[in-house]
Amino acid sequence: MLKIISPILLIVFLFGCAGIETRPAQFKINIAAMKPLQSTLMEQRYQVDLRIMNRSNEEFSIDGFSFDVELNGKDFASGVSNEAFNLPALSEKVVSVEITSTIFGLVRQFNSFQKLNTEPFKYELSGSVYTRGSLFGIKFNEQGEINLK
């Protein structure tokens, strides 16, 4: 009896694994624009426009997101948004978010500011998008360049 069940279980397992496919990134998020807001000695605020692309063929009800920004490989700022919106399948939306950087984030970027005329800033944007019904959010990590010439 065991000789018959073992091959059947093996076949079921193999067919089950064949149905598993890796899912491509559902969201692509880029910085579309960035402008300074009010600043104090210890803290700087910026308005960042994020372009959120839904690369999936399903609509998402987004409850908000959280993210961190690195510039040239160094921590720079963080932001959160609780703006809820629907993102239809295969579409995009630009969302404005305020981010906060501390004086320490600015100090870490000091050497990079001296290269503004010759090299673009490289940024990395990482965080989570929280959708209705998701407990932990959908992670994202994007990289790009900001040319400030």
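How many aromatic pairs are there by the rule used here? The count comes to three, where rings of Phe, Tyr and Trp (its six-membered ring) pair if their centres lie within 6.5 Å, and planes under 30 degrees apart count as stacked, over 60 as edge-to-face and the rest as tilted.

Before you click, note that this is a predicted model: local features need pLDDT of at least 70, side-chain atom pairs count only at pLDDT 80 or more, and totals for chains, interfaces and linings use all residues. Residues are numbered from 1 along each chain as its sequence is written, and side-chain values use heavy atoms, with hydrogens and water left out.

Select F27 and F60. You get a tilted aromatic pair, 5.0 Å centre to centre with 50° between the planes. F27 lies in strand 1 (residues 27–39) and F60 in strand 3 (residues 60–71), so this pair ties together parts 33 residues apart in sequence. Strands here are DSSP runs (E, at least two residues), numbered from the N terminus. F27 is buried at a relative accessible area of 3%, and F60 is buried at 7%; buried means under 20% relative accessible area (1.4 Å probe, protein chains only).

Next, pick Y46 and F76, another tilted pair: 5.5 Å centre to centre, 45° between the planes. This one links distant parts of the chain, with Y46 in strand 2 (residues 43–54) and F76 in strand 4 (residues 74–81), 30 residues apart. Y46 counts as buried at 12% relative accessibility, and F76 is buried too, at 7%.

Last stop: show K93 and F85. The charged end of K93 sits over the ring of F85, 5.4 Å from its centre. That label needs NZ of Lys or CZ of Arg within 6 Å of the ring centre and within 35 degrees of the ring normal.

How values were computed
Helices (H or I, at least four residues) and strands (E, at least two) are DSSP runs, numbered from the N terminus. Buried means under 20% relative accessible area, exposed over 50%, partly exposed in between (1.4 Å probe, protein chains only).
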